[in-house]
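Hi everyone, thanks for making time this morning. I'd like to walk you through a two-chain model, so let me put it on the screen.

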Amino acid sequence: MKALWLCRYDPVNTAFFGDAANSLKQFDLVVVQHLFMTGTAQFAHVVLPSSAFGEEEVSFTSSDRRIQLARQAIESPPGPIPAWEQIARVGRAMGADWSYKTAADVMDELGEVVPFYSGASHDNLAREYGRQWPCTKDRPLGTQFLFADGSGGRRFKFVPVPKPALEVSPKDFPFTLVFGHSLYYWNQNILIQHSETLKREYRILLLDYPDGFVEINTADAKALGIRDGEKIRLRAASGSAVAAARVTPEVRGGTIFVPFFVREVQKQILGRAHSGHQIMPVRVEKETT
Amino acid sequence: MKARILDSADVLKIVDLLRQQDCEVFAPFGGRGRDTCYDKVTDQNRDQIQIHLPNPYYPPKRFIFPHIERLMKIQRSDGGIQIEPTYREPKRAIFGIRSCDVAGIWHLDRFFMGRDYRDIYYEKRRKNMFLVNVACTDPARDIGEECFCVCADTGPAAREHFDLQLMDLGGGEFMAVAGTPAGEALFSAPFFRKGTEAHVAKRRAILGEVRKSFKPSTTSWFSAAIRHVSAGKIQEKTWEDIGRRCLECGGCTYVCPACTCFTVSDRQVGPDEVERVRIWDACALGGFTRMAGGHNPRRAVHDRRNRRFFRKLSHYFIQRELSMACVGCGRCAAVCHGDIGMPSVVEMIRRETAEVDKHEPVAR
């Protein structure tokens, strides 16, 4: 791969595993369409400023399969245009016959190419909060539940997943490290940096825990003699990391929660040969400096 | 209070009258599904104004107390600093504001202007605001599952604090009631006519009937809740139960027509220019109570949650603002993902007090 085109996607800040920043450096051409100079846009050779939500008519598909139509409410400031229009213009400049006039035209073509979007015209989407795909010509109202009739061989099949054998003894590594989203994931989200109230919360977080934090249950912390804000060392078979402890009853006993944004902890503890497993046994030690 | 009758077809002429007086008019519009919102009336959208519709979630208080508002501009010039306050006093009207939201604005009035310190930014906007209240009479469209204004004593028809109140009497007629001289002045328009005793009787009958269309389960045990909150009788465990269900999103505050909290922040807007803004703030957020030194007296979520309900229900505040800081609009119940809107919390408090009340007399 030599070139990458990213449409409103910010993997440098939002891809939890892997090293997007380093990968982007290896491309000859990176094009980023976004509203803001995101972490990813810093690595781009070309940045195309695109319209914001509410400045264009556009559809979204969310993870519950819902295709929703967002209407234009205000005009864009001069300059930014809808992302689909930027792609179409580049296409035309390269000789393609892309003569869409509106986002609805693009959606109509999507419907021709993707069978389960065939009924999802803007006209149809505008009638309700959205339609869940498959939304076809003969099922224009969409499908609330997949395989609801229970027929056919296409239902989800559940298979047991073998529990990975622990490579280490739980005696030596009594805590389980859990990676996940955090309420304090804010500093990674470019939109939240533009919200005054949430920016305040973010600044406070940095004041309280300048280097990020990992969360440990109150009872566990008490047993280990760890106080809030104190540095602790997490030791796993593959590596170790030091982080500030946030002592809170919000995490279960026996677990250490690592918010995704504390990237250093993640990198150090997973070591080089990490498998991508999100759960790993660790030991907690007080870090004495 | 003087009243007049007008035809349904003429109701929107009130909007026209206000607009002719160079008034920016905001009115409710329907969207898709349950979506409704207040928007500025223009020549294009004037005919789409809805009289009967579910109350928009984003409360109209923002036309007096904006979500975000510049307070002053600070500029560096000629080696000095220039500070210039930004006052805005647009002539505005809210058409179709529900009775609960009228009560919300009255609560804000008491908070911002009711005592020694008067908030000049609020006052300037407020004195130029004209409120056209619409009483909720359509059980199918006006009154939602979560509405409990009858319990909060704010609706379905406001008794005061509006300039003009409209009520659909059915049969193609509306009754307009003037709440202020400014409201009464509108009655000189030709489409208003005098009413009869029959109209007044009809209004009374409709109100009596509408009161019955509220969901019985939304009847809150406010009185018990107020008594127990005021006396500090709520057990820590109940607050913890409530706090555990809070996701700290602040949604309840942003839809509340009676919440008054704000924070103040400075932000750079030009190379030599900073603006000071005030922004709605939410007690659910950790930063709301954190001190500059790092100590947060209400660090645990439930400590911040009980703060919300103290503020809304405690006798101390009711005495100060002359109304409790809950107007029964039900928005918090509709938006809360943890189901700890006001009706649920009052219910949890009621259950707890029922537990406490179980003490048996000792027969000795």
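**A walk through the two chains**

Let's begin with chain A, whose secondary structure comes to 8 helices and 12 strands. Of its 289 residues, 27% count as buried. If you take the contacts in chain A between residues at least 6 apart in sequence, 61% of them join residues at least 24 apart.

Before I go further, please keep in mind that this is a predicted model. Its scores are ipTM 0.71 and pTM 0.82. For chain B, the mean pLDDT is 91, with 96% of the residues reaching 70 or more.

Now, chain B itself. Here we have 13 helices and 11 strands. The radius of gyration is 23 Å, close to the 21 Å that the globule rule gives for 364 residues, so chain B is as compact as a globular protein of that length. If you like to think in boxes, the C-alpha atoms of chain B fill one of roughly 80 × 70 × 40 Å along the principal axes. Of the 364 residues in this chain, 40% count as buried. And for contacts in chain B between residues at least 6 apart in sequence, 71% join residues at least 24 apart.

How do the two chains meet? On the chain A side, 10 residues are in contact with 14 residues of chain B. Sorted by class, that side of chain A has 4 nonpolar, 1 polar and 5 charged residues.

Next, a pair of helices. In general, two packed helices are described by the angle between their axes and the distance between the axes. In chain B, have a look at helix 8, residues 236-244, and helix 10, residues 301-313: they pack at an angle of about 100 degrees, with their axes 8 Å apart. An angle from 65 to 115 degrees counts as roughly perpendicular, and that makes helix 8 of chain B roughly perpendicular to helix 10 of chain B. Which residues do the touching? From helix 8 come B:W239, B:E240, B:I242 and B:G243, and they meet B:V301, B:H302, B:R305 and B:N306 in helix 10. The residues of this contact divide into 3 nonpolar, 3 polar and 2 charged.

Let me turn to two cysteines in chain B. B:C149 lies in helix 4 of chain B. Is B:C149 buried or exposed? It has 26 C-beta neighbours inside 10 Å, so B:C149 counts as buried, given that the cut-off for buried is 20 or more. Leaving aside neighbours within four places in sequence, the contacts of B:C149 are B:S99, B:C100, B:T154, B:G155, B:P156, B:V327, B:G328 and B:C329. One of those, B:C100, is 49 residues away along the chain, with a C-alpha separation from B:C149 of 6.4 Å.

The other cysteine is B:C283, in the loop between strand 11 (273-280) and helix 10 of chain B. This residue also counts as buried, with 21 C-beta neighbours inside 10 Å. Again setting aside neighbours within four places in sequence, B:C283 is in contact with B:T253, B:C261, B:F288, B:R304, B:R307 and B:R308. As for B:A185, it is 98 residues from B:C283 in sequence and 42 Å from it in space, C-alpha to C-alpha.

Now some backbone geometry, for those of you who enjoy torsions. Where are the cis peptide bonds I'd like to show you? In chain A, one joins A:W133 and A:P134, with omega about 0 degrees. A:P134 sits in the loop between strand 6 (131-132) and strand 7 (175-180) of chain A. In chain B, another joins B:G155 and B:P156, and there omega is about 5 degrees. B:P156 is in the loop between helix 4 (149-152) and strand 8 (164-170) of chain B.

Finally, two positive phi values in residues other than glycine. For B:E248, phi is near 60 degrees. Its place is in the loop between helix 8 and helix 9 (251-255) of chain B, and with 16 C-beta neighbours inside 10 Å, B:E248 counts as partly exposed. For B:D339, phi is near 55 degrees. That residue lies in the loop between helix 12 (331-335) and helix 13 (342-356) of chain B, and B:D339 is exposed, with 11 other C-beta atoms within 10 Å.

Key
Residues are numbered from 1 along each chain as its sequence is written. Chains are lettered from A and ligands numbered from 1 in the order in which they are written. This is a predicted model: local features need pLDDT of at least 70, side-chain atom pairs count only at pLDDT 80 or more; totals for chains, interfaces and linings use all residues. Axes are lines fitted to C-alpha atoms, for helices over the stretch in contact, and angles run from 0 to 180 degrees between N-to-C directions. Helices (H or I, at least four residues) and strands (E, at least two) are DSSP runs, numbered from the N terminus. Angles under 35 degrees count as roughly parallel, over 145 as roughly antiparallel, 65 to 115 as roughly perpendicular and the rest as oblique. Two residues are in contact if their C-beta atoms, placed from the backbone, lie within 7 Å. Ala, Val, Leu, Ile, Met, Phe, Trp, Tyr, Cys and Pro count as nonpolar, Asp, Glu, Lys and Arg as charged, and the others, Gly among them, as polar. pLDDT is the predictor's confidence in each residue, from 0 to 100. The radius of gyration is taken over C-alpha atoms; the globule rule is 2.2 Å times the number of residues to the power 0.38. A residue is buried if 20 or more other C-beta atoms lie within 10 Å of its own, exposed if 12 or fewer, and partly exposed in between; C-beta atoms are placed from the backbone.
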